[in-house]
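Here is a short briefing on a structure, with a few lead sentences and then grouped points. Please keep the model open as you read.

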Amino acid sequence: MKVFIDGRFYDEKNAKISVFDHGLLYGDGIFEGIRAYNGRVFRLKEHIDRLFFSAKAILLQIPLTHAELTRAVVATCNKNKLREGYIRLVVTRGVGTLGLNPNRCEKPSVIIIAGKIKLYPPEMYTNGMDIVTVATTRNLHSAVNPAIKSLNYLNNILAKIEANLAGCEEAIMLNSQGFVSECTGDNIFIIRGRQLLTPPLSAGSLYGITRATVMDLARQSGLEVSEPDLTRYDLFNADECFLTGTAAEVIPVVKIDGRVIGSGKPGPLTRQLLERYHELANRSGEPL
Ligand code: PXG
C-alpha cells in the first residue's frame with residue numbers, strides 16, 4: 001500500500017508522522033472517512049467540503065485547495081489500484097512544540113490512506129442490530145462541537161466502549177438535554193408510518209453525508225422527512241429504525257435497550273432504502 005503524506009507517496013512501513021505532531025499530542029486535526037464503489041469515489045465533493053468546514057471551525061489552514069485535494073484523493077486510489085474501498089483523509093495541525101499553542105506548529109500535514117474497509121458482519125444487515133443507550137452524553141456545541149470531524153474522538157470512543165461492554169456494536173448517545181443525538185459513528189433514523197424521522201443537527205449529531213443522501217432518497221420514494229427532537233420513547237415505539245454512515249451505509253436496528261423495534265426484523269422501508277443507496281453509490285461519484 002502507498003500512503004500519501006504531504007504530496008509524496010510512501011510505502012506502508014515508511015508512512016510515518018512525527019511524534020511532535022499536534023495531531024498525536026493533542027488530537028488537534030480533522031479527518032474524513034470516504035468510500036469508493038465500482039471505480040468511483042462516492043460523494044467526494046461533500047466530504048472535501050465538510051473537511052474545509054471542520055478546518056474553518058478549528059482555524060486550520062489546509063495547505064491544498066479543494067481541487068488539489070480532490071486530485072490527491074483520486075491519485076492515491078489510482079496509485080493503490082483501488083476500485084472499491086475506504087479512503088481516510090486526515091489533516092493534522094503539524095509538528096509543534098510541547099505546549100498546546102497551535103501557532104507554534106509549522107505546517108499542517110495532509111495524509112491520505114486508501115485501503116479496505118472493516119464492515120459490520122453481514123448477518124447484522126439481514127437480522128438487524130441490537131443497540132443500547134449509553135451514559136456518556138454527546139459533547140456540547142459550546143465545548144467541542146460535534147459537527148467538527150476532529151481527531152479528538154474520545155467522546156465517541158467512550159460511548160463505543162460502553163456499547164462493547166454491553167455486548168453491542170453501537171451505542172445511542174443522548175445530548176445533555178436527554179434528546180437522542182446519534183450513535184458513535186453513525187446517524188440514527190426511525191420510520192413511523194410513511195414518516196422518516198431523524199434528530200436535528202442541533203441535537204449534537206455530525207452533518208452526515210449518508211444521512212443527507214438517505215433523506216433525499218426517502219423524499220424521492222414519497223416518504224415525509226422531518227427532523228424533530230426525539231426521545232428514547234420515540235425510538236422504542238418506531239415501526240423501523242436504522243443507522244447511516246459511510247462505513248455502515250444503511251444498517252437496520254431491531255432492538256434498543258431490550259425493547260423490540262417494530263416486528264423485530266429489518267423493516268421493508270429500511271431494506272428499500274439500503275437497496276436504493278447501493279444503486280446510487282454504484283453509479284455516481286468522482287471517476288477513478
Ligand atoms: N456520526 C459520527 C460521529 C461519525 O463519525 C457519521 C455520523 C456518519 O457520517 P457520514 O458522513 O459518514 O455519513 C460519522 C462518520 C470509521 C468511520 O472508520 C467512521 C465514520 C465514517 C467512516 C468510517 O469508524 N463516521
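**Helix pairs, ligand and a loop residue**

Helix α2 (residues 44-57) and helix α3 (residues 66-79) have axes that come within 10 Å and cross at roughly 125 degrees; axes are lines fitted to C-alpha atoms, for helices over the stretch in contact, with angles running from 0 to 180 degrees between N-to-C directions. That angle makes α2 oblique to α3, given that under 35 degrees counts as roughly parallel, over 145 as roughly antiparallel, 65 to 115 as roughly perpendicular and the rest as oblique. This is a predicted model, in which local features need pLDDT of at least 70 and side-chain atom pairs count only at pLDDT 80 or more, while totals for chains, interfaces and linings use all residues. Residues are numbered from 1 along each chain as its sequence is written, and side-chain values use heavy atoms, with hydrogens and water left out.

**α2 and α3**

- Helices here are DSSP runs (H or I, at least four residues), numbered from the N terminus.
- The crossing of α2 past α3 is right-handed, meaning that the near helix is turned clockwise from the far one by less than a right angle.
- From α2, Leu-44, Lys-45, Ile-48, Asp-49, Leu-51 and Phe-52 meet His-66, Leu-69, Thr-70, Val-73 and Val-74 of α3, where contact means heavy atoms within 4.5 Å.
- The residues of this α2 and α3 contact divide into 7 nonpolar, 2 polar and 2 charged; Ala, Val, Leu, Ile, Met, Phe, Trp, Tyr, Cys and Pro count as nonpolar, Asp, Glu, Lys and Arg as charged, and the others, Gly among them, as polar.

**α6 and α8**

- The axes of helix α6 (residues 209-220) and helix α8 (residues 268-283) come within 10 Å and cross at roughly 110 degrees.
- The two helices, α6 and α8, are therefore roughly perpendicular to each other.
- α6 passes α8 in a right-handed crossing as well.
- Thr-210, Thr-213, Val-214, Leu-217 and Ala-218 of α6 make this contact with Leu-273, Arg-276, Tyr-277 and Leu-280 of α8.
- By type, the residues of the α6 and α8 contact are 6 nonpolar, 2 polar and 1 charged.

**The ligand**

- An oxygen atom of the ligand is 2.5 Å from a polar side-chain atom of Thr-210.
- For Thr-246, an N or O atom in the side chain lies 2.5 Å from an oxygen atom of the ligand.
- For Arg-50, the distance from a side-chain N or O atom to a ligand oxygen atom is 2.8 Å.

**Ile-58**

- Ile-58 sits in the loop between α2 and α3.
- Leaving out residues up to four places away in sequence, Ile-58 touches Asp-28, Gly-29, Ile-30, Arg-93 and Ile-148.

Notes
Polar contact = N/O pair within 3.5 Å; in protein donor to acceptor, adjacent residues only side chain to side chain.
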